[in-house]
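Here is a quick tour for someone who would rather look at a structure than read a table. Keep the viewer open and follow along section by section.

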Amino acid sequence: MIYKTHQDEIQNYLTDASNFRGNAHQVIIPETLLELKLAVEECQKLNCSLTISGARTGLAGGCVPLEGSVVSTERLNRIVKINFDAKEATVEAGVTLTQLEEELEKYKLFYPPNPTEKNSTIGGNIATNASGSRTFMYGPTRPFIKELDLILASGEQLNLKRGENFFFGKYGFLVTDSGSKIPLNIEQKISMPNIKHAAGYYLNPGMDLIDLFIGSEGSLAVVSQARIQLIDKPANVLGLIIYFDDEENLIDFVEEVREESTLSIELPISSDICARLIEYFDKHSLDFLRDDYPNIPQDAVGAIWVEQEFRDVEEDSILENWYKIISEYTNLRDLTWTAIDDVEHKKMKEFRHTLPLKVTDYLSQNSKVKIATDAAVPANNFRKYYSEILDILQNSGCKYLVYGHIGNSHLHANILPRVNEEREDLLPLYDEMIDIALKYGGTVSAEHGIGKLKKKYLRQMFSDEGIKTMKNIKEALDPSGLLGKGNLF
Ligand SMILES: Cc1cc2nc3c(=O)[nH]c(=O)nc-3n(C[C@H](O)[C@H](O)[C@H](O)COP(=O)(O)OP(=O)(O)OC[C@H]3O[C@@H](n4cnc5c(N)ncnc54)[C@H](O)[C@@H]3O)c2cc1C
């Protein structure tokens with residue numbers, strides 16, 4: 001076990017990708033799962049707050065300590081087992097997505113959740129129920145978690161396998177490895193939106209109790225190890241970046257692809273349109289990218305990136321189907337960028353990943369901090385939602401750009417202050433955008449979580465009654481409030 005206590009050696013642990021900063025008196029770095037348990041027990045005995053730190057790529061300050069100890073999972077990075085027949089992997093919490101993907105490549109296996117930040121850890125992904133571009137087809141992290149080894153604030157261990165522990169109606173209980181029985185209830189009314197969602201505890205009558213811990217942002221238990229579901233690596237993938245000369249047509253195209261894909265997932269017929277991702281770049285996003293990608297057409301008002309998996313025999317018919325639908329919606333059809341081989345796919349991914357990097361570069365001049373939404377709404381309200389968001393962005397008088405997971409009606413609307421002092425004045429615009437998302441039945445966070453920065457929006461979304469239900473769960477599992485202090489509440 002490594003202890004770091006000098007302030008100059010723990011500074012990196014006091015912040016995350018949100019730039020929010022906190023305080024701690026020490027960082028504990030366990031090197032084995034037993035040491036992780038001992039670290040939690042030590043904090044419990046001293047009644048000391050404990051904040052779990054993964055790779056600190058979070059965007060909501062969740063891993064940033066307010067006080068006490070940080071426990072880092074950086075040395076808990078063993079891939080314990082790959083079960084090729086069952087298509088499962090057992091990994092320690094500190095394994096990164098890059099590490100996992102490299103290992104799975106050897107077995108031609110595939111972990112579908114695809115958060116963009118590949119340095120993030122599986123533990124962090126589970127704690128935030130992280131999503132990615134492929135969430136459109138495969139869902140977020142949650143359905144891929146088959147088993148969790150958890151350490152509660154008391155230091156007791158809890159093993160949960162999917163399909164074994166449920167809420168009976170509104171009541172449930174957990175039994176720790178040492179036999180303690182922990183009753184849980186969701187007596188007060190609370191309802192989860194049926195969309196991509198990562199805000200607060202996931203609570204539904206009758207649900208599998210493993211799901212409570214996925215997305216709980218380090219506030220209910222420490223994830224020490226997970227068994228995750230894999231699938232066979234798809235044989236082939238088609239990638240298309242399609243430029244549009246009309247915004248309405250772009251949204252019409254998305255709606256048609258979304259509908260056809262949803263039908264194809266339910267009733268699969270091989271060569272039908274069945275996107276696994278649908279990603280959006282608005283005009284301003286394309287402007288940000290144009291220096292690096294001069295081929296982006298000047299008259300493009302936006303672009304859509306889609307991918308579809310296919311078998312060898314389907315290549316011609318799938319291409320034909322896609323080009324047909326594309327030609328119905330854009331006059332820039334001939335400029336569509338097509339990727340089938342690995343080299344071209346890599347370039348396409350870089351195109352998408354370059355965007356947030358360019359934005360970060362732009363902001364780092366004068367140390368500006370952007371205002372960015374993570375809200376999602378039900379698909380049937382997307383058009384109205386986006387139109388109202390655009391009004392706010394256009395009236396802001398600032399540079400802005402919108403991009404993201406349009407397949408899930410989940411966009412990142414970014415306002416870039418001209419000078420940092422302007423940021424405070426612009427914050428009410430963020431509130432207005434959240435109001436609009438909630439008005440249309442949306443969520444305040446679809447993938448980044450609440451952490452310490454978005455608590456007021458969690459309360460706005462779930463009201464006092466919903467927050468009370470979540471707090472009851474927290475109290476049952478962590479009565480002294482030691483874990484993830486300041487997260488969610
Ligand atoms: C450039 C960039 C792109 C991103 N893209 C995406 C994206 O596509 N999709 C997405 O969902 N997010 C994205 N994020 C956000 C971030 O990568 C995710 O939230 C990720 O899941 C955080 O993982 P981490 O290991 O860095 O966790 P950390 O940031 O260290 O922690 C995040 C939260 O998880 C808790 N935690 C960490 N490990 C454990 C554990 N073992 N047990 C219990 N709790 C734990 C922490 O206490 C904290 O509350 C992006 C971030 C950046 C900077």
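Which element gives the most to the shell around the ligand? That is α4, with five residues.

## Before we start

This is a predicted model: local features need pLDDT of at least 70, side-chain atom pairs count only at pLDDT 80 or more, and totals for chains, interfaces and linings use all residues. Residues are numbered from 1 along each chain as its sequence is written, and side-chain values use heavy atoms, with hydrogens and water left out.

## Around the ligand

Back to the ligand: 33 residues surround it, with I52, G54, T57, T121 and S131 the closest (near means that a heavy atom of the residue lies within 4 Å). The elements giving two or more residues to this shell are β3, α4 (122-128) and β12 (222-229). Helices (H or I, at least four residues) and strands (E, at least two) are DSSP runs, numbered from the N terminus.

Now for the polar contacts, meaning pairs of N or O atoms within 3.5 Å; within protein, one must be able to donate a hydrogen and the other to accept it, and residues adjacent in sequence count only if both atoms are side-chain atoms. I52 has a backbone N or O atom 2.7 Å from a ligand oxygen. T128 uses a polar side-chain atom, 2.9 Å from an oxygen atom of the ligand, while for G62 a polar backbone atom is 3.3 Å from a ligand oxygen. The ligand has 970 Å² of accessible area on its own, and the protein covers 92% of that (Shrake-Rupley method, 1.4 Å probe; for residues, only the protein chains shown count as cover).

T121 sits in the loop between β7 (109-110) and α4. Is it buried or exposed? T121 is buried, at 4% relative accessible area. Here buried means under 20% relative accessible area, exposed means over 50%, and partly exposed is in between (1.4 Å probe, protein chains only).

A polar atom of the T121 side chain lies 2.9 Å from the backbone nitrogen of G124. Leaving out residues up to four places away in sequence, T121 touches G54, A55, A93, G94, V95 and T96 (contact means heavy atoms within 4.5 Å).

## The sheet with β3

Strand β3 also belongs to an open sheet of four strands, ordered β1-β2-β4-β3 with mixed pairing. The edge strands, each pairing on one side only, are β1 (2-4) and β3 (50-53). Neighbouring strands here are turned by 25° against each other on average, direction ignored. Axes are lines fitted to C-alpha atoms, for helices over the stretch in contact, and angles run from 0 to 180 degrees between N-to-C directions.

Four bridges join β3 to β4 (residues 69-72) in the parallel sense; strands count as paired if DSSP finds at least two bridges between them. Look for T51 opposite V70 in β4. Helix α2 (residues 33-45) packs on the sheet and touches β1, β2 (26-29), β3 and β4, with its direction at about 150° to that of β2.

## Two loop residues with positive phi

N47 is in the loop between α2 and β3. Its phi is positive, about 55°, although N47 is not a glycine. At 52% relative accessibility, N47 counts as exposed.

K87, also not a glycine, has a positive phi of about 55°. You'll find K87 in the loop between β5 (79-83) and β6 (88-92), and its relative accessibility of 23% makes K87 partly exposed.

## Two hairpins

Strands β8 (residues 145-151) and β9 (residues 157-161) pair antiparallel over five bridges, with I151 opposite Q157. Five residues separate the two strands of this hairpin, and G155 in the turn has a positive phi of about 95°.
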